[in-house]
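Work through the exercises below with the model open. Try each task before reading its solution.

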Amino acid sequence: MLKQIFSKLPRKSSDSSDSPKTPRSSSNRSSPRSSSTSSAHGTPKSSSGASASGRSNATKKTSSAVFPASLVAGIEPLVPFNDVPSSEKMNLFVSKLSLCCVTFDFTDPSKNSIEKGVKRQTLVELVDFVGAGTMKFNEPAIHALCKMCSANLFRVFPPNYRSNMIGGGGGGGGGENDDDEPTFDPAWPHLQLVYDLLLKFIHSSGVDAKVAKKYMDHSFILKLLELFDSEDPRERECLKTILHRIYGKFMVHRPFIRKSINNIFYRFVTETERHNGIAELLEIFGSIISGFALPLKEEHKIFLWRVLIPLHKPKSVGAYFQQLSYCIMQFVEKEPKLASVVVKGLLKYWPLTNSQKEVMFLGELEEILEAVNMLEFQKVMVPLFWRIGCCINSAHFQVAERALFLWNNDHIVNLIGHNRHVILPIILPTLERNAQSHWNPAVVNLTLNVRKIFMEMDDELFISCHAHFKEEEAKVTVTATKRKQIWERLENAAANVQPMAGRTAVLVTPLTSSIAC
């Protein structure tokens, strides 16, 4: 472990002309190996002089035994920030960041417990130092922080880590494992502090975005996006906040961030349908869409119909449906002409065997229709109400109820009223079948209420459509009767036919001609 720490800590020569000169005792000029050897025997060497003498002897021994004195700028990394002058605080900051580059195995709580405690305390000091906002961070400090964050955060999740994941992490009711408890990373006590440090650092006014963008580059952002696949919801929540801050601070990275998130969505929809962070990424995009300028750029519209609308297709859509619906509504509110495009997309991906998804789709459909204008409504009303009619006749009572609840919305009723000559002939047959034969009493009552609304809306049209429905029903009844008679004749003919020996062909002309009619 000591060799690992030595390899992580950058060092400068004690007689380098470029390093700041600070008072050091002669014992600190010894080599790191001799220092670590002495520390291991309980005689720690402090490089902070009188400033570190306020600590207890026990703390000194423990700290030096775990993390030997660093020679970075001649400053002991375990010295508190308050014990060094302002001119040396930035060097101490870099030294502490170098110390925190050492990572530990958290699967065994009893392993390296002292080292973990010292590192955690150092991370707390760094978070407080950055949060104070009193320092201007130079380029070496920015580089050191990005390096430390990379060492602690960027990791590859093992294959079994993804074995039971669902399609998204921010909602309910979309996958087979929705009732499973979330998986929590055992290293979270340290990861949380690193995320807090990164967030405060990005938000700090002491960080120059022009300098920081060289280290928080495209590679850094891509690795940050890969972490959204973490099963730990606490980590995804931190990542969501950090990525949002990066998007706001580094304008030059905005197109790349949008493109990279789009690629995650593309891969999720077309290839894997497995990712834990879809809900969080959509939540980020919801705030991004709200800032789009009008008129919308073509690339943003392409994102709507190539990414957002196909995201309704995966079976795990329930895990991120709330965030997806919010993004869709942002587009419709910004440009109402897109409402017809969205409705056509919903009809394209409408679920046929998943009743829970149908209920969600109907809810989103109502939100869209509340914001649609008459012209866009007329473009899609025929296929739309054909689908709504199918939902009204659904044997699943929740689907039928949700479809009938659309008539409780005054705006939708107003749209239907102005186009009743087209909509009523489509909807009336489904209403009549429900009123006659649906098994659920609540659905039957709602159906009768909708019939009453249409009757009050235009009594003459209702009577005309009802008469046409009766005629069609009579035709269907006659056709069914003829079909039944034909099959009865076939059964009787088959019963009277004597068994034939050999391969003698039998021609039944009258029956085949009657079947053809």
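**Ground rules.** This is a predicted model, in which local features need pLDDT of at least 70, side-chain atom pairs count only at pLDDT 80 or more, and totals for chains, interfaces and linings use all residues. Residues are numbered from 1 along each chain as its sequence is written, and side-chain values use heavy atoms, with hydrogens and water left out.

**Exercise 1. Describe the fold in numbers: state the secondary structure and the buried share of the protein.**

Step 1. Count the elements: 23 helices and 0 strands. Helices (H or I, at least four residues) and strands (E, at least two) are DSSP runs, numbered from the N terminus.

Step 2. Take burial. Of the 517 residues, 46% are buried. Buried means under 20% relative accessible area, exposed over 50%, partly exposed in between (1.4 Å probe, protein chains only).

Step 3. Check contacts, meaning heavy atoms within 4.5 Å. Of those between residues at least 6 apart in sequence, 72% join residues at least 24 apart.

**Exercise 2. Examine helix H11 and find what its buried residues pack against.**

Step 1. Check its length. H11 (residues 254-272) has 19 residues and spans 26 Å from first C-alpha to last, close to the 27 Å expected at 1.5 Å a residue. The expected span is 1.5 Å times one less than the number of residues.

Step 2. List buried positions. Among them are Phe 256, Ile 257, Arg 258, Phe 265 and Phe 268.

Step 3. Find the partners: helices H9 (218-226), H10 (233-249), H12 (278-290) and H13 (298-308).

Step 4. Look past the end. Glu 273 follows H11, and its phi is positive, near 55°.

**Exercise 3. Describe how H16 and H18 are placed.**

Step 1. The axes of H16 (residues 355-371) and H18 (residues 397-404) come within 9 Å and cross at roughly 5°. Axes are lines fitted to C-alpha atoms, for helices over the stretch in contact; angles run from 0 to 180 degrees between N-to-C directions.

Step 2. H16 is therefore roughly parallel to H18. Angles under 35 degrees count as roughly parallel, over 145 as roughly antiparallel, 65 to 115 as roughly perpendicular and the rest as oblique.

Step 3. Name contact residues. They include Leu 362 and Glu 366 in H16, and Val 399 and Arg 402 in H18.

**Exercise 4. Is Glu 432 buried or exposed?**

Step 1. Locate Glu 432 in helix H20 (residues 420-437).

Step 2. Its relative accessible area is 5%, so Glu 432 is buried.

Step 3. Leaving aside neighbours within four places in sequence, Glu 432 contacts Arg 451, Phe 462, His 466 and Phe 469.
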